[in-house]
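Hello,

Here is the structure I promised to pass on to you. Have a look at it first, and then read my notes below.

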Amino acid sequence: MDSRRLPRTAVDPKVRRVGFFTSGEPLPARSQSFPAETGGSTTADGGMMSSTTTPDLSVGVISFSPVMIPPPRYASADGLPALGRAAATVTTVSAYSPLSPLRRDAIQLPVGSFNPSEYMQGTSAMLSPSSSRFDDLDFSEEVACYGKKWPGKEVASFPGSSDEMMMAVRGGGNALSMSALTTASVVKTLPGVTAKDGGTFIESQNERVGPARSQKQKTTKAERRALQEAQRAAKSAAKAAGEGGKHSAASSSGAPTNAKLDKGARPHSQNKDGPEDTATASEKRADRNLDKDRKKDFPHPSLQFDDKNRVEKAKRRAVVYQFEARNRVELFRHLPQYEYGSQLPYLESKFFHLDHIHPSVYQVGMQYISGSTSGGNARCKEMLLAFRMAIMDYSISPEKSVVRDLISKINSYVSFLIECRPLSVNMGNAIRFLKNRILKLHHNLSESEAKYILISDIDRFINEKIIVADKVIISHAVAKIRDGDVLLVYGHSTVVEMIIVHALELGKQFRIVIVDSRPKFEGRRLLRKLVMKGISCTYTHINAISYIMHDVTRVFLGASSVLSNGTVYARVGTACVAMVAHAFQVPVLICCEAYKFHERFLLDSICSNELGDPDVIINVHGGKDLNPLAKWADNENLQLLNLVYDATPSDYVSMIVTEHGMIPPTSVPVIIREYERDQLVF
Amino acid sequence: MEPNNLPNPNPSTDHGISAYYQTRAEHHAVVTSDWLAQAQAAVTRNAAVPEVLPKIAATGGSRAAGSGKAFSVIDEFNYWRKKPDLAEAVAAIMALAAFIRSSEATTMMELEIELKKASDTLKSWDTTSISLSAGCDLFMRYVTRTSALEYEDFNAAKLRLIERGEKFGEISLKARRTIAMLGQDFVFDGSTILVHGYSRVVLEVLKLAASNRKMFRVLCTEGRPDRTGLRFSNELAQLGVPVKLLIDSAVAYTMDEVDMVFVGADGVVESGGIINMMGTYQIALVAHCMNKPVYVAAESYKFARLYPLDQKDLAPAIRPIEFGVPIPSGVEVERNARDYTPPQYLTLLFTDLGVLTPSVVSDELIQLYL
């Protein structure tokens with residue numbers, strides 16, 4: 001039988017071409033163009049398949065398995081048409097096959113898959129395409145080794161202080177003189193890590209914890225700072241001596257650590273050759289400033305409120321004075337919960353002392369606390385408008401740098417707003433956008449020019465990402481409403497409201513079911529608006545969802561954010577609605593602007609969430625005498641949980657409607673990759 | 001059965017029958033009783049086919065040039081879609097290319113606007129055809145997105161567009177060959193394959209597998225009311241592949257012995273699901289229940305920016321259904337020719353872009369229509 005068998009032909013789609021492509025069309029020079037090894041692959045022209053155009057590649061290439069899917073690629077930076085781009089992409093797998101496996105691993109990561117660190121690093125990554133550094137081989141080898149020693153998974157499991165951790169580890173080999181103080185802090189902030197890690201390093205450090213702690217208590221603030229300074233210099237020196245190319249280690253080791261590695265490594269590389277004691281004080285200070293700036297650029301791991309040390313520190317800096325609520329639910333101790341009603345009067349009384357907060361920002365903060373501004377888009381818009389006002393009124397002495405000063409201003413505003421109410425994802429994205437714009441300002445620009453640029457940027461952001469995006473979403477979503485439909489909506493999403501109103505204007509015949517829930521009863525506002533428009537509505541509470549779902553043909557939901565695994569993070573109750581709809585085979589449409597997408601993952605509603613005022617959930621409608629739990633706080637056995645958001649797994653979502661079209665939840669990372677990179681992070 | 005009489009320029013307006021379905025019927029030579037009669041009477045039918053192709057260039061060129069003002073993109077499309085080996089998307093693109101040739105626009109912008117209008121009329125002429133609208137979109141995409149066109153002399157750019165359009169038929173054939181090469185690796189010796197509908201791509205895959213001396217067995221569904229299975233099994237039997245014909249309702253019964261389900265697609269939608277001949281959905285459901293892989297072979301020009309939420313979310317493609325006996329009065333007949341299979345029931349898609357999971361389709365579409 002074997003003799004009869006012809007050699008099986010295997011084809012490898014090395015050059016992927018979608019749809020049309022011209023033969024004469026110049027192939028886009030990809031930003032991450034490969035050095036010489038790729039040979040003729042990038043010069044492919046004409047033809048449909050690579051097999052005809054790049055025969056040299058198919059020689060000696062690893063046997064091609066049919067399941068091998070060419071990795072997706074990055075958009076070329078030079079703005080060539082999508083078609084041309086698609087035409088010229090080369091699968092990295094086959095191109096690199098002759099190289100050592102180690103090397104291949106190191107290379108493929110940045111080129112092939114979605115690499116969140118690029119976003120985390122923000123501007124720095126954009127300025128220097130990481131893969132351009134890949135031409136010297138020994139260094140990437142080292143990268144791979146490094147990656148093996150500290151696989152991303154391990155490092156990522158220390159959310160709080162992986163920064164310090166990495167530093168300590170890096171210094172570990174050479175700098176034995178590293179002060180015990182850091183060690184102490186490392187060990188302290190990583191409870192239980194030693195067991196999981198099993199590394200000898202931390203255990204050996206553990207022995208020194210005792211004296212370190214006592215020393216820490218004794219030292220004064222100034223002493224501590226000096227110590228820290230010395231320590232930092234020591235670390236950097238050790239690192240510089242030890243491992244040369246730390247920068248790109250970042251791009252190959254686990255994604256979550258990337259930003260941090262880079263962050264740690266870059267500023268220190270300045271005083272690489274100087275030993276610790278020769279570095280002058282001024283240099284160090286500049287260094288620290290840079291470090292600080294950089295730190296603020298990256299989304300910090302959110303503050304865990306069960307981490308006493310950090311909470312204490314945060315409190316000292318805080319502007320808003322708040323009491324922590326008692327009787328908190330054990331599972332949610334890492335989230336902030338305050339006594340409601342205590343902050344507003346305090347903040348009001350402090351109005352004239354908070355001179356570093358711009359009045360408009362202050363006003364927005366107050367609105368957040370009082371709850372008069374709610375809803376993702378409204379909050380984001382208010383915040384941006386406040387920043388706009390602040391930038392308008394901004395002036396600076398000529399010897400200061402506009403960029404740096406403005407960034408620190410914005411940072412202080414943001415931290416103030418966070419104290420008022422935790423930021424939502426879209427606000428985080430907007431802030432990141434603004435900061436990136438500020439960082440991109442040319443240093444020679446005059447103050448008024450810079451202000452003008454920033455103000456028009458903010459206006460553009462509001463217009464493009466919110467107002468126009470909503471219009472596009474409406475036009476997409478309306479197409480999914482047919483005559484005779486029964487639409488179910490939950491709570492009050494402004495986009496969904498606009499969709500319904502627009503469908504009515506188009507003369508579609510449909511009915512609405514508004515599902516509402518305690519304690520906010522946001523659906524009532526929507527109900528009032530829709531009934532006034534003359535739409536036939538049914539109003540019910542979420543308890544009746546399984547009954548009402550029988551009649552429903554479409555479920556329209558809004559979202560606070562959509563995460564890259566397709567999880568929808570939205571008003572609490574959304575998951576319940578989506579799950580019931582799924583059980584009834586009713587399609588669930590999530591309407592969400594693309595600026596609410598985030599590259600983070602979310603698996604449950606516990607890790608990141610917001611706690612609302614617990615009092616509102618025990619208040620029963622219908623008078624004071626109906627309130628048996630009025631003094632619940634005195635009962636130690638009673639804890640109340642008022643979650644504000646929940647996470648809907650992507651399985652229960654049929655479609656996400658964005659301004660870029662209707663996409664399945666599995667395509668959220670594609671949108672993030674293709675659009676955010678170009679538009680949000682310039 | 002009057003719609004099967006071939007020369008009928010604009011049938012969708014005359015009957016309730018989808019024009020898309022008509023093209024299919026003509027291309028795949030739906031096995032109806034009159035077809036059988038025809039086939040028996042005239043074996044010459046097959047011999048006539050190759051003659052058509054050489055004529056294409058000549059007639060296509062002269063028709064377009066001669067008609068001038070009276071040029072109708074729809075007539076052109078109708079002309080092309082009669083060609084048996086041309087996919088509908090290709091016909092659409094040919095028609096648009098012919099439109100460019102006859103266009104009197106003097107600037108690129110003008111041409112673009114005219115072309116947009118033509119493609120819109122073409123799309124609205126037959127809203128049931130997915131590959132038609134996908135083909136139009138694709139060509140428009142090419143015209144608007146090719147940056148090289150901006151810098152060229154207008155006439156050169158125009159020529160380039162026409163050339164591109166005319167090459168598309170070739171591209172489509174090449175795509176089919178690529179898919180065959182990718183897909184045949186999934187056919188292993190001793191496997192039993194269930195096939196539904198008449199798909200040129202699937203046939204190509206099986207042909208290649210057979211010519212590579214793979215030993216496999218094919219189960220063909222009958223494919224009521226078109227009886228596409230009859231024709232498909234005939235083709236396979238000629239290749240010497242063991243074939244067994246099933247009635248459509250025997251799918252679950254035979255699924256036990258099936259190793260993989262192999263179907264083509266009329267269109268691949270953004271969710272990664274497919275729109276295909278009626279019955280695909282239920283076969284996919286049965287296969288999913290019994291943990292059998294469902295493979296779809298489809299060219300990338302069938303990728304469409306559509307997102308049906310459920311079966312009724314698509315305009316139905318109405319076709320005639322023959323029951324052999326008169327239907328009792330007052331009884332309705334479901335006459336839709338196709339259904340939508342959601343992505344969770346599909347295992348892999350073989351396309352000319354490679355072997356994709358359903359979720360990658362949206363990735364490709366987003367990049368294509370970015």
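In chain B, B:H196 stands opposite B:V263 in β4(B). Strand β1 (residues 191–196) of chain B is joined to β4(B) by four bridges, and the two run parallel. On pairing, the rule is that DSSP must find at least two bridges between two strands. The strands themselves, like the helices, are DSSP runs numbered from the N terminus (E, at least two residues, for strands; H or I, at least four, for helices).

A word on where this comes from: it is a predicted model, in which local features need pLDDT of at least 70 and side-chain atom pairs count only at pLDDT 80 or more, while totals for chains, interfaces and linings use all residues. Residues are numbered from 1 along each chain as its sequence is written, chains are lettered from A and ligands numbered from 1 in the order in which they are written, and side-chain values use heavy atoms, with hydrogens and water left out.

Back to β4(B), which also pairs with β7(B), in the parallel sense and over three bridges. There, B:V261 stands opposite B:V294. Which way do the side chains of strand β4 (residues 260–263) of chain B point? B:M260 and B:F262 point one way, B:V261 and B:V263 the other way, and all are buried. Buried means under 20% relative accessible area, exposed means over 50%, and partly exposed is in between (1.4 Å probe, protein chains only). In a regular strand the side chains alternate between the two faces of the sheet.

Helix α14 (residues 280–289) of chain B has B:T280, B:I283, B:A284 and B:A287 as its buried residues. They lie on the same side of α14(B), because they cover an arc of only 100 degrees around the axis (the arc is that of the directions from the helix axis to the C-beta atoms). After α14(B) comes B:N291, with a positive phi near 55 degrees.

As a whole, chain B has 15 helices and 10 strands, and buried residues make up 58% of its 370 residues. Chain A has 31 helices and 13 strands, with 51% of its 682 residues buried.

Chain A also holds an open sheet of four strands, in the order β10-β7-β8-β11 and with mixed pairing. Its edge strands are β10 (597–598) and β11 (645–648), each of which pairs on one side only. Strands β7 (residues 561–563) and β8 (residues 568–571) of chain A pair in the antiparallel sense over two bridges, and A:V562 has A:V568 as its bridge partner.

Now for the charged pairs. How many salt bridges are there over all chains? The count comes to 23, where a salt bridge is a side-chain nitrogen of Lys or Arg within 4 Å of a carboxyl oxygen of Asp or Glu. One of them joins A:R388 and A:D459 (2.7 Å, N to O). A:R388 lies in helix α22 (residues 376–392) of chain A and A:D459 in helix α25 (residues 447–478) of chain A, so the pair ties together parts that are 71 residues apart in sequence. A:D459 is partly exposed, at 31% relative accessibility.

In another salt bridge, the closest N and O atoms of A:E593 and A:K596 are 3.2 Å apart. A:E593 is buried, with a relative accessible area of 0%, and A:K596 counts as buried at 5%.

Enjoy exploring it!

Best wishes
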